[in-house]
Amino acid sequence: MDRSSGEGRLTGETESVDLISRSRELETAAFGAVLEGDTESRMQWATPDGHEIVGRGVAARFTATGADRFDRIRTQARRAFDGLTHDGPDHARPRAFGGFSFHDGHKAAPPWIGFGAASFVVPQLFVTRTDDGTWLTAVGHRVDEAEDRLERWHDRLTDLPVTRNDETTPGVAATRRTTSQATWTEQVEAALERIDDGRLTKVVLAQSLSVDLEDPIDVPATLERLRRRYPNCYGFQIGHDAGGTFFGAPPERLVSKRGAHVETEALAGSVPRGDTPAEDEAHVERMRADAKFQHEHGLVVDAIREQLAPFARELSVSKQTIRRLATIQHLRTPIEATLEGDRHVLELVEALHPTPAVGGVPPEAAWETIRDTEPFDRGWYAAPVGWFDAAGDGEFAVGLRSGVATGETVTLFAGNGIVADSDPDEEWDEVQLKFRPILDELR
Ligand SMILES: C=C(O[C@@H]1C=C(C(=O)O)C=C[C@H]1O)C(=O)O
C-alpha cells in the first residue's frame, strides 16, 4: 500500500504547491499492478491508436460545481501546473485525468458517489505506454518523495510476473430497467409532440439498466476484453475507493487538442451489424440513404461547426464515413480545426458539450425534455471524460457505452437521438444495441 497517498496534496482553490515529477523507462508489461491495493483514486485511459495510461493516488485534485465549473478547474490546474517540474520524456508528463457530469447541477448521489460536477486528479504514480516505450512516472511535492516513489514502484513492478488476462466474466444475477418498452414508447411519443409543436428539433433520450452481479467485477480485466473487442474505441476507468468506478468503451471523441490542432467528430445515426459483409453493407446503405438519419446526423455536424468556429482560424469538415463496431455501426463525420490564438482544451470541451449527439437541438429545450422524461440522473454518462496537461492540451471522449460499478452492481446507460419521424420501436432496438458492449462483458 502506498502510505504516502494523500499527504500534503493540493486540493484547495487558493493553495499553490510545487509538483515534482520523475520518470524512468519500464522494461516490464506487468504495469496493471499499479491499480492493485488500497488507493483513494485509480484511473485508466486508452486511445484507439493504442496508447495507454494507468495511474493511482492523488498528487493534486481539482473539483468544481456550478455553471463556471470548466473555468474553475482550469484556474486550479494552472496553479498546480505552474509549479510543476517534470524530469522525463514529454509523453510521460503529468496530466490531470477526470471529467464532468452531464449537467452542471449534478449531485453526487448513488450510484455516483465520488463523482461531482467536475473532478480531476493528477495521479501520484502512473505508467504511460506509447510507441516510444513504457514509462513510469511518480509525482510528489518534494524531490525525495517523487524519487523514492519512483524507485519503490519500479522495483515492485519489475519483480512481478506478467499475469495472463482474466477471461472470466462476473455473471449476471438480475437486471432492472428504469424504462419499460411501453414507457419508452410514451416518452418518445411525448418528445415527438414537442418536435411537432416546433419547440424541439432533436433530443437524445436515454435509459438506465442496473445489473446485479454474481461475483465482483474486475474492471481492468473487463476493460482489457472491451479493448480487444472494440479496438477502435477509447477505454477508460475512473475509480474511487470511497465510491464507484465509472468505466466504458466510448466510440466517440469529444475533442482532442495538441497545440493549435484540434480534432473532433460528429457520431450519430446507428444501425446493427449484419451476419455477413453484405448484410453489414445493406444496413449502412439504408442509413446513408435515409433522410431521417441524415437529418439527425447533420444537426450534430452543424452544431459542432458553429461551436468551434469562434475558436478557429481554419475549420474543415471531412466526408461522411462509417464507424463500424463489433455490435453497431454509426454515421461519422470527422471535423478538424486550427485554433486562432492560445486556448485551453477545457474551453473547447465547454463549448462542445453536450453536442446534439447526446443532448439535442435547441440545447435548452432538449435539456428540459431530458429532465422531464428521464427518471434517473445521467451523472457522468454521455459527459466529457479524459485528460489535460500543463500546456492546456488534452483529449476527451464522450462517456458512452459505459457503466458505473458500485459493490456488486453495475448501472449502465444508453440513449438514442429522437427526431421527427423517429419510430419508438426502432429507437428501442438501437438503445438495446448500445447496452451490449458492457452487458456482454458482464454475462
Ligand atoms: C447516446 C448514445 O450514443 C450516441 C447517439 C447515437 C445515435 O443517436 O445514433 C450514436 C452515437 C452516439 O453519439 C449512447 O451510446 O448511449
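This report describes the confidence, the domains and the ligand surroundings of a predicted model.

## Basis and confidence

Residues are numbered from 1 along each chain, as its sequence is written. Because the model is predicted, local features need pLDDT of at least 70 and side-chain atom pairs count only at pLDDT 80 or more, while totals for chains, interfaces and linings use all residues.

The pLDDT, which is the predictor's confidence in each residue from 0 to 100, has a mean of 93 over the chain, and 96% of the residues reach 70 or more. Over residues 1-14 the pLDDT is below 50. Where pLDDT is low, the predicted coordinates should not be read in detail. The model scores ipTM 0.98 and pTM 0.95.

## Two domains

Domain 1 covers 19-159, and domain 2 consists of 172-216 + 251-442; these bounds come from an automatic or database domain assignment. Taken over C-alpha atoms, the centres of the two domains are 27 Å apart.

In domain 1, 22 residues are in contact with 24 residues of domain 2, where contact means that the C-beta atoms, placed from the backbone, lie within 7 Å. Helix H1 (69-82) and strand E6 (95-100) each give two or more residues to this side of domain 1. Helices (H or I, at least four residues) and strands (E, at least two) are DSSP runs, numbered from the N terminus. Strand E6 gives the most, with five residues.

## Around the ligand

The ligand is surrounded by 17 residues, the closest being Ser270, Ala357, Leu400, Gly415 and Gly417; a residue is counted if its C-beta atom, placed from the backbone, lies within 6 Å. Strand E15 (261-272) and strand E23 (409-419) each give two or more residues to this shell.

Notes:
Contact = placed C-beta atoms within 7 Å.
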